[in-house]
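Please open the model in a viewer and keep the selection panel at hand.

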Amino acid sequence: MRLMRPGDWLVLATGLAATVATAASQWGQAAPARAQVRLDGRVVAELPLTGTHRVAVDGALARLGPTVIEVDAGRARVAADPGPRQYCVQQGWLSRAGSVAVCAPSHITLQLVGPGSTQDTVAF
Amino acid sequence: MDAHATSGASLLHIVPSERDRRLARYAVAAIAASLVEAAIPSPLPGVKPGLANIVILIVLARHGWRDAAWVSLLRVMAGSLLAGQFLAPGFFLAASGALASLAVLGALQAVSWRWLGPVGRSVAAAFAHIGAQLLLARLWLVPHDGLFNLAPVFFGAALLFGIVNGVVAARLLQENAA
(Lines give C-alpha, C1' and ligand atoms only; values in the text may rest on other atoms or scores of the structure.)
Protein backbone atom coordinates (compact mmCIF):
# COMPACT_ATOMS: atom_id res chain seq x y z
CA MET A 1 0.00 0.00 0.00
CA ARG A 2 1.40 3.38 -0.91
CA LEU A 3 2.00 5.88 1.86
CA MET A 4 0.08 8.73 0.26
CA ARG A 5 -3.19 7.91 -1.47
CA PRO A 6 -5.34 10.31 -3.53
CA GLY A 7 -7.73 11.08 -0.68
CA ASP A 8 -4.82 11.92 1.61
CA TRP A 9 -3.74 14.71 -0.72
CA LEU A 10 -7.30 15.99 -0.80
CA VAL A 11 -7.48 16.10 3.01
CA LEU A 12 -4.07 17.77 3.21
CA ALA A 13 -5.08 20.43 0.70
CA THR A 14 -8.33 21.09 2.56
CA GLY A 15 -6.50 21.36 5.88
CA LEU A 16 -3.93 23.72 4.45
CA ALA A 17 -6.63 25.86 2.86
CA ALA A 18 -8.54 26.01 6.16
CA THR A 19 -5.39 27.04 8.04
CA VAL A 20 -4.47 29.75 5.55
CA ALA A 21 -8.05 31.05 5.39
CA THR A 22 -8.33 31.31 9.19
CA ALA A 23 -4.96 33.02 9.38
CA ALA A 24 -6.03 35.54 6.75
CA SER A 25 -9.38 36.24 8.38
CA GLN A 26 -8.06 36.34 11.96
CA TRP A 27 -4.75 38.07 11.46
CA GLY A 28 -5.40 40.29 8.46
CA GLN A 29 -5.24 43.80 9.87
CA ALA A 30 -8.23 45.96 9.16
CA ALA A 31 -6.86 49.08 7.51
CA PRO A 32 -7.16 52.07 9.80
CA ALA A 33 -9.62 54.68 8.58
CA ARG A 34 -8.68 57.83 10.51
CA ALA A 35 -6.44 59.29 13.15
CA GLN A 36 -8.01 60.57 16.35
CA VAL A 37 -6.30 63.18 18.47
CA ARG A 38 -7.46 63.56 22.06
CA LEU A 39 -6.63 66.20 24.63
CA ASP A 40 -7.54 65.21 28.19
CA GLY A 41 -9.66 62.41 26.73
CA ARG A 42 -11.78 64.64 24.50
CA VAL A 43 -11.44 64.26 20.74
CA VAL A 44 -9.96 67.55 19.47
CA ALA A 45 -9.13 66.50 15.90
CA GLU A 46 -10.08 63.68 13.59
CA LEU A 47 -8.01 63.31 10.44
CA PRO A 48 -8.72 61.04 7.49
CA LEU A 49 -5.66 58.97 6.64
CA THR A 50 -5.72 59.95 2.99
CA GLY A 51 -3.31 62.48 1.63
CA THR A 52 -0.78 64.41 3.71
CA HIS A 53 -1.61 66.90 6.39
CA ARG A 54 -0.31 68.36 9.62
CA VAL A 55 -2.23 69.77 12.55
CA ALA A 56 -0.89 71.55 15.58
CA VAL A 57 -2.69 71.03 18.88
CA ASP A 58 -2.06 73.03 22.02
CA GLY A 59 -1.79 70.65 24.93
CA ALA A 60 -0.98 71.04 28.60
CA LEU A 61 2.52 72.25 27.71
CA ALA A 62 1.29 74.82 25.19
CA ARG A 63 3.57 77.50 26.65
CA LEU A 64 6.53 75.44 25.34
CA GLY A 65 4.99 74.89 21.93
CA PRO A 66 2.28 72.89 20.16
CA THR A 67 2.06 69.14 19.57
CA VAL A 68 2.25 68.50 15.84
CA ILE A 69 0.41 65.54 14.33
CA GLU A 70 1.33 64.47 10.81
CA VAL A 71 -0.65 62.21 8.48
CA ASP A 72 0.92 60.71 5.40
CA ALA A 73 -0.64 58.11 3.09
CA GLY A 74 -2.35 55.77 5.56
CA ARG A 75 -0.11 56.39 8.55
CA ALA A 76 0.22 59.02 11.23
CA ARG A 77 2.78 60.17 13.78
CA VAL A 78 3.46 62.79 16.37
CA ALA A 79 5.98 64.94 14.50
CA ALA A 80 6.76 67.23 17.41
CA ASP A 81 5.82 67.55 21.06
CA PRO A 82 7.11 69.85 23.82
CA GLY A 83 7.31 66.99 26.33
CA PRO A 84 10.69 66.39 27.99
CA ARG A 85 11.25 62.74 27.03
CA GLN A 86 9.74 62.65 23.52
CA TYR A 87 8.37 59.12 23.85
CA CYS A 88 5.41 59.77 21.57
CA VAL A 89 7.64 61.35 18.92
CA GLN A 90 10.16 58.53 19.02
CA GLN A 91 7.38 55.99 18.56
CA GLY A 92 7.38 57.05 14.92
CA TRP A 93 4.77 56.22 12.34
CA LEU A 94 1.63 54.38 13.41
CA SER A 95 0.01 52.30 10.69
CA ARG A 96 -2.19 49.68 12.37
CA ALA A 97 -5.74 50.23 13.57
CA GLY A 98 -5.79 50.49 17.34
CA SER A 99 -2.22 51.67 17.82
CA VAL A 100 -1.69 54.68 20.06
CA ALA A 101 1.03 57.23 20.75
CA VAL A 102 0.69 58.88 24.15
CA CYS A 103 2.22 62.28 24.90
CA ALA A 104 1.54 62.14 28.62
CA PRO A 105 3.08 65.51 29.64
CA SER A 106 0.94 67.23 27.01
CA HIS A 107 -2.19 65.22 27.90
CA ILE A 108 -2.47 64.32 24.20
CA THR A 109 -3.00 60.95 22.54
CA LEU A 110 -2.93 60.02 18.88
CA GLN A 111 -4.84 56.88 17.97
CA LEU A 112 -5.57 55.15 14.67
CA VAL A 113 -9.17 54.04 14.46
CA GLY A 114 -10.35 51.21 12.22
CA PRO A 115 -13.69 50.67 10.53
CA GLY A 116 -14.96 48.75 13.57
CA SER A 117 -14.12 49.48 17.17
CA THR A 118 -11.52 47.25 18.79
CA GLN A 119 -10.56 46.45 22.36
CA ASP A 120 -7.15 47.44 23.71
CA THR A 121 -7.00 44.52 26.05
CA VAL A 122 -9.11 41.61 27.18
CA ALA A 123 -8.24 40.07 30.51
CA PHE A 124 -9.75 37.23 32.49
CA MET B 1 -17.00 -6.78 26.66
CA ASP B 2 -17.47 -10.49 27.16
CA ALA B 3 -17.91 -11.53 30.72
CA HIS B 4 -18.33 -15.18 31.57
CA ALA B 5 -19.80 -15.49 35.01
CA THR B 6 -19.47 -18.88 36.63
CA SER B 7 -21.57 -18.85 39.72
CA GLY B 8 -19.89 -21.27 42.07
CA ALA B 9 -20.19 -20.32 45.70
CA SER B 10 -20.24 -16.54 45.85
CA LEU B 11 -17.46 -16.18 43.36
CA LEU B 12 -17.84 -14.15 40.22
CA HIS B 13 -15.28 -15.09 37.67
CA ILE B 14 -14.77 -12.68 34.77
CA VAL B 15 -12.68 -14.12 32.00
CA PRO B 16 -11.32 -11.46 29.67
CA SER B 17 -11.76 -12.39 26.04
CA GLU B 18 -8.99 -12.23 23.48
CA ARG B 19 -10.48 -8.94 22.30
CA ASP B 20 -10.45 -7.53 25.83
CA ARG B 21 -6.76 -8.32 26.14
CA ARG B 22 -6.02 -6.81 22.77
CA LEU B 23 -7.93 -3.62 23.60
CA ALA B 24 -6.15 -3.38 26.93
CA ARG B 25 -2.75 -3.74 25.28
CA TYR B 26 -3.51 -1.00 22.78
CA ALA B 27 -5.03 1.20 25.48
CA VAL B 28 -1.87 0.85 27.58
CA ALA B 29 0.22 1.95 24.61
CA ALA B 30 -2.06 4.94 24.03
CA ILE B 31 -2.08 5.90 27.71
CA ALA B 32 1.71 5.67 27.86
CA ALA B 33 1.94 7.91 24.80
CA SER B 34 -0.31 10.56 26.33
CA LEU B 35 1.56 10.45 29.66
CA VAL B 36 4.91 10.86 27.91
CA GLU B 37 3.42 13.75 26.02
CA ALA B 38 2.09 15.39 29.18
CA ALA B 39 5.70 15.72 30.31
CA ILE B 40 6.69 17.63 27.17
CA PRO B 41 6.38 21.36 27.75
CA SER B 42 4.18 23.12 25.22
CA PRO B 43 4.41 26.80 24.33
CA LEU B 44 0.65 27.01 24.05
CA PRO B 45 -1.93 24.93 25.89
CA GLY B 46 -3.64 22.81 23.26
CA VAL B 47 -0.66 22.44 20.96
CA LYS B 48 0.36 18.83 21.49
CA PRO B 49 1.66 16.14 19.16
CA GLY B 50 -1.17 13.75 20.05
CA LEU B 51 1.06 10.68 19.98
CA ALA B 52 -1.74 8.47 21.32
CA ASN B 53 -3.50 8.99 18.00
CA ILE B 54 -0.85 6.86 16.31
CA VAL B 55 -2.14 3.95 18.37
CA ILE B 56 -5.77 4.85 17.60
CA LEU B 57 -5.02 4.93 13.85
CA ILE B 58 -3.32 1.53 13.96
CA VAL B 59 -6.26 0.01 15.84
CA LEU B 60 -8.62 1.63 13.35
CA ALA B 61 -6.76 0.15 10.39
CA ARG B 62 -6.38 -3.31 11.86
CA HIS B 63 -9.51 -3.87 13.91
CA GLY B 64 -12.06 -1.28 12.86
CA TRP B 65 -13.80 1.72 14.33
CA ARG B 66 -15.43 0.10 17.38
CA ASP B 67 -12.09 -1.06 18.76
CA ALA B 68 -10.51 2.32 17.98
CA ALA B 69 -13.34 4.02 19.90
CA TRP B 70 -12.76 1.73 22.90
CA VAL B 71 -9.04 2.43 22.94
CA SER B 72 -9.54 6.16 22.51
CA LEU B 73 -12.09 6.48 25.31
CA LEU B 74 -10.10 4.22 27.64
CA ARG B 75 -7.10 6.41 26.88
CA VAL B 76 -8.98 9.60 27.83
CA MET B 77 -10.41 8.11 31.03
CA ALA B 78 -7.33 6.29 32.32
CA GLY B 79 -4.92 8.91 31.04
CA SER B 80 -6.74 11.69 32.91
CA LEU B 81 -6.96 9.57 36.07
CA LEU B 82 -3.23 8.90 35.98
CA ALA B 83 -2.39 12.53 35.28
CA GLY B 84 -4.72 13.70 38.06
CA GLN B 85 -6.86 15.55 35.52
CA PHE B 86 -10.05 13.54 35.78
CA LEU B 87 -13.09 15.89 35.60
CA ALA B 88 -10.74 18.90 35.44
CA PRO B 89 -11.24 21.26 32.47
CA GLY B 90 -8.46 19.49 30.61
CA PHE B 91 -10.37 16.23 30.86
CA PHE B 92 -13.44 17.69 29.17
CA LEU B 93 -11.29 19.24 26.48
CA ALA B 94 -9.57 15.91 25.86
CA ALA B 95 -12.90 14.08 25.86
CA SER B 96 -14.53 16.50 23.43
CA GLY B 97 -11.53 16.23 21.11
CA ALA B 98 -11.54 12.43 21.28
CA LEU B 99 -15.28 12.21 20.62
CA ALA B 100 -15.13 14.60 17.68
CA SER B 101 -12.20 12.83 16.04
CA LEU B 102 -13.89 9.46 16.59
CA ALA B 103 -17.00 10.85 14.90
CA VAL B 104 -14.96 11.99 11.90
CA LEU B 105 -13.01 8.73 11.73
CA GLY B 106 -16.31 6.85 11.90
CA ALA B 107 -17.76 8.87 9.03
CA LEU B 108 -14.59 8.34 6.98
CA GLN B 109 -14.85 4.56 7.41
CA ALA B 110 -17.33 4.76 4.53
CA VAL B 111 -14.36 5.76 2.32
CA SER B 112 -12.12 2.98 1.05
CA TRP B 113 -8.67 2.64 2.64
CA ARG B 114 -7.28 2.26 -0.88
CA TRP B 115 -8.33 5.80 -1.57
CA LEU B 116 -7.86 7.41 1.86
CA GLY B 117 -4.95 6.19 3.97
CA PRO B 118 -3.74 6.77 7.54
CA VAL B 119 -2.27 10.21 6.73
CA GLY B 120 -5.53 11.69 5.45
CA ARG B 121 -7.53 10.14 8.28
CA SER B 122 -5.01 11.39 10.82
CA VAL B 123 -5.17 14.97 9.53
CA ALA B 124 -8.97 14.94 9.37
CA ALA B 125 -9.15 13.60 12.94
CA ALA B 126 -6.62 16.16 14.15
CA PHE B 127 -8.72 19.01 12.76
CA ALA B 128 -11.88 17.55 14.33
CA HIS B 129 -9.99 17.20 17.61
CA ILE B 130 -8.79 20.79 17.81
CA GLY B 131 -12.02 22.13 16.33
CA ALA B 132 -14.12 20.59 19.07
CA GLN B 133 -11.67 21.73 21.73
CA LEU B 134 -11.69 25.29 20.44
CA LEU B 135 -15.48 25.28 20.38
CA LEU B 136 -15.77 23.91 23.91
CA ALA B 137 -13.14 26.35 25.18
CA ARG B 138 -14.97 29.25 23.51
CA LEU B 139 -18.36 28.20 24.93
CA TRP B 140 -17.13 27.39 28.39
CA LEU B 141 -13.62 28.41 29.42
CA VAL B 142 -12.80 31.60 27.48
CA PRO B 143 -16.10 33.18 26.49
CA HIS B 144 -14.58 35.65 24.06
CA ASP B 145 -13.98 35.60 20.31
CA GLY B 146 -10.37 36.66 20.94
CA LEU B 147 -9.72 32.95 21.44
CA PHE B 148 -10.17 32.44 17.71
CA ASN B 149 -7.10 34.61 17.12
CA LEU B 150 -5.16 31.51 18.03
CA ALA B 151 -7.12 29.28 15.66
CA PRO B 152 -4.53 29.52 12.85
CA VAL B 153 -1.80 28.33 15.23
CA PHE B 154 -3.94 25.42 16.38
CA PHE B 155 -4.89 24.50 12.81
CA GLY B 156 -1.27 24.67 11.69
CA ALA B 157 -0.30 22.37 14.55
CA ALA B 158 -3.17 20.01 13.67
CA LEU B 159 -1.94 19.87 10.09
CA LEU B 160 1.69 19.27 11.06
CA PHE B 161 1.11 16.72 13.81
CA GLY B 162 -1.71 15.10 11.83
CA ILE B 163 0.72 14.44 8.98
CA VAL B 164 3.53 13.24 11.27
CA ASN B 165 1.28 10.89 13.25
CA GLY B 166 -0.33 9.60 10.07
CA VAL B 167 3.04 8.87 8.47
CA VAL B 168 4.28 7.09 11.62
CA ALA B 169 1.09 5.03 11.79
CA ALA B 170 1.32 4.18 8.08
CA ARG B 171 4.95 3.08 8.46
CA LEU B 172 4.17 0.92 11.47
CA LEU B 173 1.23 -0.67 9.64
CA GLN B 174 3.44 -1.38 6.61
CA GLU B 175 6.25 -2.89 8.65
CA ASN B 176 4.01 -5.23 10.54
CA ALA B 177 2.03 -6.20 7.49
CA ALA B 178 5.18 -7.30 5.64
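Select chain A: its radius of gyration is 21 Å, whereas a compact globule of 124 residues would have one near 14 Å. The radius is taken over C-alpha atoms, and the globule rule is 2.2 Å times the number of residues to the power 0.38. Along the principal axes, the C-alpha atoms of chain A fill a box of roughly 80 × 35 × 25 Å.

The model is predicted: local features need pLDDT of at least 70, side-chain atom pairs count only at pLDDT 80 or more, and totals for chains, interfaces and linings use all residues. Residues are numbered from 1 along each chain as its sequence is written, while chains are lettered from A and ligands numbered from 1 in the order in which they are written.

**Chain A, elements and sheets**

Colour chain A by secondary structure. Helices (H or I, at least four residues) and strands (E, at least two) are DSSP runs, numbered from the N terminus.

Next, select the four strands of chain A that form an open sheet in the order 2-1-7-6, with antiparallel pairing. Two strands pair if DSSP finds at least two bridges between them. At the edges lie strand 2 (42-48) and strand 6 (100-103) of chain A, each of which pairs on one side only. From one strand to the next, the twist averages 15°. Within this sheet, strand 1 (residues 34-39) and strand 7 (residues 108-113) of chain A are antiparallel and share six bridges. Which residue of strand 7 of chain A is the bridge partner of Ala35(A)? The partner is Leu112(A).

Move to the open sheet of three strands in chain A, ordered 3-4-5 and likewise described as antiparallel in its pairing. Its edge strands are strand 3 (52-57) and strand 5 (75-80) of chain A, each pairing on one side only. Here the twist averages 20° from one strand to the next. Strand 4 (residues 67-72) of chain A runs antiparallel to strand 5 of chain A, and five bridges join them; among the bridged residues, Val68(A) has Ala80(A) in strand 5 of chain A as its partner. Zoom in on the turn: strands 4 and 5 of chain A form a hairpin with two residues between them, and Ala73(A) in the turn has a positive phi of about 45°. While side chains are displayed, recall that in a regular strand they alternate between the two faces of the sheet.

**Chain B**

Now select chain B, which has six helices and zero strands and runs α-α-α-α-α-α from the N terminus. The radius of gyration of chain B is 18 Å, close to the 16 Å that the globule rule gives for 178 residues, so chain B is as compact as a globular protein of that length. Its C-alpha atoms fill a box of roughly 65 × 40 × 30 Å along the principal axes.

Select helix 2 (residues 52-63) and helix 6 (residues 151-177) of chain B: they pack at an angle of about 45°, with their axes 9 Å apart. Axes are lines fitted to C-alpha atoms, for helices over the stretch in contact, and angles run from 0 to 180 degrees between N-to-C directions. This angle makes helix 2 of chain B oblique to helix 6 of chain B. Angles under 35 degrees count as roughly parallel, over 145 as roughly antiparallel, 65 to 115 as roughly perpendicular and the rest as oblique. The crossing of helix 2 and helix 6 of chain B is right-handed; a crossing is left-handed if the near helix is turned anticlockwise from the far one by less than a right angle, and right-handed if clockwise.

**Between the chains**

Finally, display both chains. Here 19 residues of chain A are in contact with 23 residues of chain B, contact meaning that C-beta atoms, placed from the backbone, lie within 7 Å.

Select helix 1 (residues 6-27) of chain A and helix 5 (residues 118-141) of chain B, whose axes come within 7 Å and cross at roughly 30°. The two helices are therefore roughly parallel to each other, and their crossing is left-handed. Show Gly7(A), Asp8(A), Val11(A), Leu12(A) and Gly15(A) in helix 1 of chain A, which meet Val119(B), Gly120(B), Val123(B), Ala124(B) and Phe127(B) in helix 5 of chain B.

Notes. Contact = placed C-beta atoms within 7 Å.
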